[in-house]
Amino acid sequence: MRKLITVTMAAAMSASLLAGCSGGTAATQAEETAAETAVTEEETAAAEESSSAAETQAEEKEPYTETTVDLGVGVMQVYDFGNIKVHAYESLDAIDDESYLIESESGLTALEAPGFKDNNSELAAYIESLGKPVTSVLLAYHPAGAEVYGADAEYIATANAQAAQQDGGSVKGLIDGFVQSFGEDYDGTIPEVTRVIEPGTIELNGVEYVVTDDADGFDLVIPEINTVFTHMVGSDVHNIMPSIEAIDALIAQMQSYVDADYTLILSSHYVPETIEAAKTKLAYAEKMKELAETETTEEDFIAAAKEAFPDYSGENYLQMTAAGLYQN
């Protein structure tokens with residue numbers, strides 16, 4: 001009897017131990033499952049956070065949307081910043097003119113004008129399609145044909161720009177030359193400046209512009225969209241730099257653009273560019289200064305510049321630079 005009881009008790013104890021072990025295993029598995037769930041939730045949250053950060057970063061890198069409209073003669077690129085749109089008109093003419101419409105809720109401000117008559121007709125039709133008036137025209141460097149913007153617009157320039165556009169001025173001389181070269185296709189009409197402005201800040205159609213004077217024109221910054229305008233940049237085009245001082249001036253200008261980290265760079269002879277163009281042009285100017293200081297003749301300088309920048313256009317600009325640097 002005692003032996004049977006002992007066996008029975010042993011069996012009961014064994015069952016109890018097995019039950020305890022089974023319960024421990026289940027608890028362990030539950031803990032492991034919970035831990036795995038927590039890790040999965042953390043990974044999901046981290047992935048969502050990373051995706052959100054990437055989207056935010058992308059939005060920060062792309063403050064505008066860009067669309068392109070082929071108008072037939074020229075091409076219009078539209079940079080939509082939300083409250084402000086920049087309509088950049090690439091004329092595709094013989095002198096690579098680029099002009100702009102700055103659109104806000106209240107109207108259009110024009111900057112520069114294409115000089116060829118077929119471009120002017122096309123631009124007039126495009127402006128009409130926007131359904132907003134051109135109230136102000138900034139005549140910075142290219143005033144020829146600007147009457148396309150209408151008699152009711154205010155034509156604005158600095159005193160230096162105004163003088164350059166009148167008889168005896170550098171801009172007027174160039175325009176007269178274009179009329180002779182291109183004949184009736186070119187509109188050499190220069191509108192009368194109706195408002196002379198000082199360097200500093202002005203507001204047109206609710207948009208602020210910071211004006212910087214130049215010898216025969218003026219540059220602009222549009223702070224709200226972190227955009228700058230000047231006469232010539234072009235990341236793969238030679239610049240006219242007829243002296244070491246002119247090269248130094250371009251170096252200083254491009255360095256200031258890099259420091260400001262502008263979103264867009266607008267110019268009168270090239271499509272809008274990003275800040276990478278300023279970095280490229282800075283390196284170009286520094287190399288050109290090095291060549292100007294080491295090459296002894298105009299011919300050697302031109303040859304060295306072509307070797308250093310084989311894909312650059314604007315050879316006539318290169319020749320003008322060399323002529324200035326090596327004049328007797």
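**Aromatic pairs and pockets in the predicted model**

A total of 14 aromatic pairs is found, where rings of Phe, Tyr and Trp (its six-membered ring) pair if their centres lie within 6.5 Å, with planes under 30 degrees apart counted as stacked, over 60 as edge-to-face and the rest as tilted. The model is predicted, so local features need pLDDT of at least 70 and side-chain atom pairs count only at pLDDT 80 or more, whereas totals for chains, interfaces and linings use all residues. Residues are numbered from 1 along each chain as its sequence is written, and side-chain values use heavy atoms, with hydrogens and water left out.

Tyr257 is buried at a relative accessible area of 5%, and Tyr262 is buried at 14%; buried here means under 20% relative accessible area, exposed over 50% and partly exposed in between (1.4 Å probe, protein chains only).

A stacked pair is formed by Tyr284 and Tyr312, with 5.2 Å between centres and 20° between the planes. Because Tyr284 lies in helix α6 (residues 275-294) and Tyr312 in the loop between α7 (298-308) and α8, this pair ties together parts that are 28 residues apart in sequence. Helices (H or I, at least four residues) and strands (E, at least two) are DSSP runs, numbered from the N terminus. Tyr284 is buried, with a relative accessible area of 1%, and Tyr312 also counts as buried, at 17%. Lys281 lies over the face of Tyr284, 4.5 Å from the ring centre (the criterion being NZ of Lys or CZ of Arg within 6 Å of the ring centre and within 35 degrees of the ring normal). Elsewhere, ring pairs link Phe116, Phe178, Phe182 and Tyr186 into a cluster.

A pocket is an open set of points on a 1 Å grid over the protein atoms alone, where a 1.4 Å probe fits, with protein on both sides within 12 Å along at least five of seven lines; lining residues have an atom within 4 Å of a point. Grid points are joined across faces, edges and corners, and a volume is the space filled by probe spheres set on the points. Of its 41 lining residues, Tyr141, Asp214, Asp216, His231 and Met232 are the closest to the centre of the largest pocket. Helix α5 supplies the largest share of this lining, 6 residues.

The second largest pocket holds about 270 Å³ of space. Its lining has 20 residues, with Ile95, Asp96, Val237, His269 and Tyr270 the closest to its centre.
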